[in-house]
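Morning, everyone. I have one structure for you today, and a few spots in it that deserve a look. Here it is on the screen.

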Amino acid sequence: MNKDLSGIVLTEEQICEKVAKAAKWLDEKFAGTTPLCISVLKGSVFFFCDLVRAMKTPVQIDFMTVSSYGRSSVSSGMPKIVMDLAASVEGRDVILVEDIVDSGHTLVRMRDLITGRGAKSFTTVALFDKPSRRVVPVKADYSCFEIEDEFIVGYGLDYAQQYRNLPYIGILKREIYEK
Ligand code: PRP
């Protein structure tokens, strides 16, 4: 385990199981369609890649980079679109893939943007849900794992852009982000 972590939340095997279940849920919901799956970068990158490859439904993919935390552990409340989508979402069944729903600001921003651009449907899948941190009332349609208010990193999740490439998800020691 990485020395900056105090514990593991999900091992690689457990992540794999959660991904398979989420893919099955999506396959059932989107049978007979070709949804547009959107990865909210950077945090969802690994979850997204594993999830769409686990799906049997034919999908198209696109990416959007959204940032609201920077080096802070508190949301700015105004997620910034750093890179927009390449594809049009008009008339499309959109599946938005997030690593975590925390304050909810990012999800609300994405929902308003994508439905405002004329998507036919909007479905959200998140690896983690941290309901105790919610500031705006919103919920992903499917969450793989509900977690207490711990600072988690790995498998795409970062602290100050670090730890993203850990293949598992762990709890960051408080002394790392409070120093
Ligand atoms: C993180 C995470 C989500 C968002 C969730 O992204 O990846 O997109 O915050 O938080 P919220 O519910 O409080 O909005 P961040 O802005 O840190 O960028 P990153 O994905 O590049 O890490």
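Let's start with burial. Of the 179 residues in the protein, 50% are buried. Keep in mind that this is a predicted model.

Now the overall dimensions. The C-alpha trace spans about 50 × 35 × 25 Å along its principal axes. What about the radius of gyration? For 179 residues, a compact globule would have one near 16 Å, and the protein has 16 Å, so the two agree.

Next, secondary structure. There are four helices and nine strands. Reading from the N terminus, the order is β-α-β-α-β-β-β-α-β-β-β-β-α. Take the contacts with a sequence separation of 6 or more: residues 24 or more positions apart account for 67% of them.

On to the inside. The largest nonpolar core has 28 residues. Which residues have the most contacts inside it? They are Phe47, Leu51, Phe128, Ile152 and Ile169. H1 supplies the largest share, five residues.

Let me zoom in on Leu51. Set aside its neighbours within four places in sequence. Leu51 then contacts Val19, Ala22, Ala23, Leu26, Val97 and Val125. There is also a second, separate core, with 20 residues. Among its members are Leu85, Leu96, Val108 and Ala126.

The protein exposes about 9000 Å², and carbon and sulfur atoms supply 51% of that. For charge, we have 23 positives and 24 negatives. Their mean positions are 2 Å apart.

Next stop, Tyr69. Find it in the loop between strand E3, residues 60-67, and strand E4, residues 80-83. Is Tyr69 buried, exposed or partly exposed? Its relative accessibility is 28%, so it counts as partly exposed. Leaving out residues up to four places away in sequence, Tyr69 touches Val74, Ser75, Asp102, Ser103 and Arg133. Tyr69 and Tyr159 are 90 residues apart along the chain, and their C-alpha atoms are separated by 9.4 Å.

Last, some backbone geometry. The peptide bond from Leu41 to Lys42 is cis, with omega near 5°. Lys42 is in the loop between strand E2, residues 36-41, and H2.

Then there are two positive phi values. Ala160 is not a glycine, yet its phi is positive, about 50°. Gln161 is not a glycine either, and its phi is also positive, about 70°. Where is Ala160? Ala160 lies in the loop between strand E8, residues 152-153, and E9. Gln161 is placed in the loop between E8 and E9 too.

What about their accessibility? Ala160 has 14% relative accessibility, so it counts as buried. The cut-off for buried is under 20%. Gln161 has a relative accessible area of 44%, so it is partly exposed.

One is Leu51, among the residues with the most contacts in the largest nonpolar core. Another is the cis peptide bond from Leu41 to Lys42. And then the loop between E8 and E9, where Ala160 sits. Thanks, I'll take questions.

Methods
Residues numbered from 1 in each chain as written. Predicted model: local features only at pLDDT ≥ 70, side-chain atom pairs only at ≥ 80, totals over all residues. Heavy atoms only, no water. Core = buried A, V, L, I, M, F, W, Y, C linked by side-chain atoms within 4.5 Å. Buried < 20%, exposed > 50% of the residue type's maximum accessible area, 1.4 Å probe, protein only. Contact = heavy atoms within 4.5 Å. Rg over C-alpha atoms; globule rule 2.2 N^0.38 Å. Areas by Shrake-Rupley, 256 points an atom, 1.4 Å probe, with all protein chains shown as cover. Lys, Arg positive; Asp, Glu negative; His and termini not counted. Charge placed at Lys NZ, Arg CZ, Asp CG, Glu CD.
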